[in-house]
Amino acid sequence: MTASYVILFDFDGTLTESETMDLIYNRFAACGLKYSRQWSQGKISTIQEITSTFATITASREELETLFEKTTLIPGAVEFLQRCIDEDRHIAVVSDGLRWYIDSILSRAGFPGIRIYANGIYFEPDGFKFSFTWYDPDTPMRSSSKAGIIRRYQRRGSFVTFIGNGKSDTGAVGVADRLCARDWLADYCEERAVEFVRFNNFYDLMEKFQQH
Ligand SMILES: [Mg+2]
């Protein structure tokens, strides 16, 4: 295991095309995307979004899990992850979402052992409970501090590549040693003249990695 070179992946919108939480909210939450939109506008934190939305869900765990079967990884992601594993890279997923669905989707795609930094969900008789293990009061609008997790690796001497797509990834900007971005995050980096590698899918990114 080469611990000195670490690749961290955001999950929703980076390894997948869809936002899993939004799929759950759309299908099962009485409030729909109300709190997700408020989060997107920067009005509420991730923890507020998750707890407020899940408070309006009555579906069982099994019903919720039927949605994961429709979630696929974006083109090239399977090959990219497999190459990282074959090359003995240290890889991990760093997400503001829930470990529960990330683990399920990655396992189904053939990657059951990948380390996941994300929030916990517990299916209790009186409703959903959560744990926010990677919360940092310095970034109160996020549930998982991506900057904090990157710095933990860097303190151990690792060179950290972060790969992301969205607003939950802005904490990695200026902190990761190398940043790869698609969609919203790529535009965000471009507007701020931040050095980054733009990619659309992982075939694309694999070619760019080969050039380095
Ligand atoms: Mg994302």
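Two residues are in contact if their C-beta atoms, placed from the backbone, lie within 7 Å.

**Figure 1. Overall fold of the predicted protein chain.** The protein chain contains 9 helices and 7 strands. Among its contacts between residues at least 6 apart in sequence, 53% join residues at least 24 apart. The C-alpha trace spans about 50 × 35 × 30 Å along its principal axes. A compact globule of 212 residues would have a radius of gyration near 17 Å, and the value of 17 Å for the protein chain therefore agrees with that expectation. Of the 212 residues, 35% count as buried.

**Figure 2. Confidence along the protein chain, from strand β1 to strand β6.** The average pLDDT of the protein chain is 94, and 97% of the residues score at least 70. Strand β1 (residues 2-9) has the lowest confidence, with a mean of 84. The highest, 98, belongs to strand β6 (residues 178-181).

**Figure 3. The largest nonpolar core, with its 40 residues.** Within this core, the residues that touch the most other members are I102, I150, F162 and L179. Helix α6 (residues 99-108) is the element that gives the most to the core, contributing 5 residues. A second, separate core consists of 5 residues, among them M21, I24, Y25 and A29.

**Figure 4. Contacts of F162.** When neighbours within four places in sequence are left aside, F162 is in contact with L8, I150, A172, A176 and L179. Two of these partners, I150 and L179, are named together with F162 among the residues of the largest nonpolar core that touch the most other members.

**Figure 5. The hairpin of strands β3 and β4.** Strand β3 (residues 115-124) pairs with β4 in the antiparallel sense, over 5 bridges. The hairpin has 2 residues between its strands, and E124 stands opposite G127 in β4. A residue would need 20 or more other C-beta atoms within 10 Å of its own to count as buried.

Figure 6. R27 counts as partly exposed because it has 14 C-beta neighbours inside 10 Å. R27 and I57 are 30 residues apart along the chain, and their C-alpha atoms are separated by 9.5 Å.

Methods
Residues are numbered from 1 along each chain as its sequence is written. This is a predicted model: local features need pLDDT of at least 70, side-chain atom pairs count only at pLDDT 80 or more; totals for chains, interfaces and linings use all residues. pLDDT is the predictor's confidence in each residue, from 0 to 100. Helices (H or I, at least four residues) and strands (E, at least two) are DSSP runs, numbered from the N terminus. A nonpolar core is a set of buried Ala, Val, Leu, Ile, Met, Phe, Trp, Tyr and Cys residues joined through C-beta atoms within 7 Å. A residue is buried if 20 or more other C-beta atoms lie within 10 Å of its own, exposed if 12 or fewer, and partly exposed in between; C-beta atoms are placed from the backbone. Two strands pair if DSSP finds at least two bridges between them. The radius of gyration is taken over C-alpha atoms; the globule rule is 2.2 Å times the number of residues to the power 0.38.
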